[in-house]
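Morning, everyone. Please bring up the structure on your screens, and we'll walk through it together.

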Amino acid sequence: MTRLILLFCCVLVSSCSLIKTKEVISGAQTVRLYEDATSLVAECAFLGEVIGSEGHWYSYLFISNKNLAQGAINDIKNEAWNLGANAVHAHINLLFSTSVTIVGHAYKC
């Protein structure tokens, strides 16, 4: 029984290093997030809705809230970049205890 517990603890600790948040893809780091869409709507072309999320029921134990949020930001920037956008109006932030989800509108300015 002791060996089983020791093996479980080793797997649990090693899994922390295996869980990574989403990385921003090349080029997507230039996408900017905005809270106010007034200037975006007036001066930019709407390209579509984008959603960024990070976290699962099991990974939140090993990833800090800050890293969950950064992963969601990276994800929404990647989606916007893939649409050809360079700006996102992030209008909904869904914060759960296990994940972060950001919903926004992508624009080309």
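Start with I76. Leaving aside residues up to four places away in sequence, I76 touches L33, V50, I51, G52, V88, I102, V103 and G104. Keep in mind that this is a predicted model.

Now the core. I76 belongs to the largest nonpolar core, which has 13 residues. I76 is among those with the most contacts inside this core, along with V50, A80, V88, V100, I102 and A106. Which elements give two or more residues to this core? They are helix 3 (65–83), strand 3 (87–95) and strand 4 (100–108). Helix 3 supplies the largest share, four residues. As background, nonpolar side chains tend to be buried together in soluble globular proteins.

Next, the strands. Look at strand 4. Strand 2, residues 45–54, runs antiparallel to strand 4, and nine bridges join the two. Find G52: its bridge partner in strand 4 is I102. Strand 3 also pairs with strand 4, again antiparallel, over eight bridges. There, A90 stands opposite G104 of strand 4. Strand 3 and strand 4 form a hairpin, with four residues between them.

So why is strand 4 described as largely enclosed by the rest of the structure? Because seven of its nine residues are buried.

Last stop, the surface. I92, L94 and F96 make a nonpolar patch of about 260 Å². Take L94, which sits in strand 3. Is L94 buried or partly exposed? L94 has a relative accessible area of 35%, so it counts as partly exposed. The cut-off for buried is under 20%.

Technical notes. Residues numbered from 1 in each chain as written. Predicted model: local features only at pLDDT ≥ 70, side-chain atom pairs only at ≥ 80, totals over all residues. Heavy atoms only, no water. Core = buried A, V, L, I, M, F, W, Y, C linked by side-chain atoms within 4.5 Å. Buried < 20%, exposed > 50% of the residue type's maximum accessible area, 1.4 Å probe, protein only. Contact = heavy atoms within 4.5 Å. Patch = residues over 30% accessible without salt bridge, like charges linked within 9 Å, V, L, I, M, F, W, Y side chains within 5 Å. Areas by Shrake-Rupley, 256 points an atom, 1.4 Å probe, with all protein chains shown as cover. Salt bridge = Lys/Arg side-chain N within 4 Å of Asp/Glu carboxyl O. Pairing = 2+ DSSP bridges.
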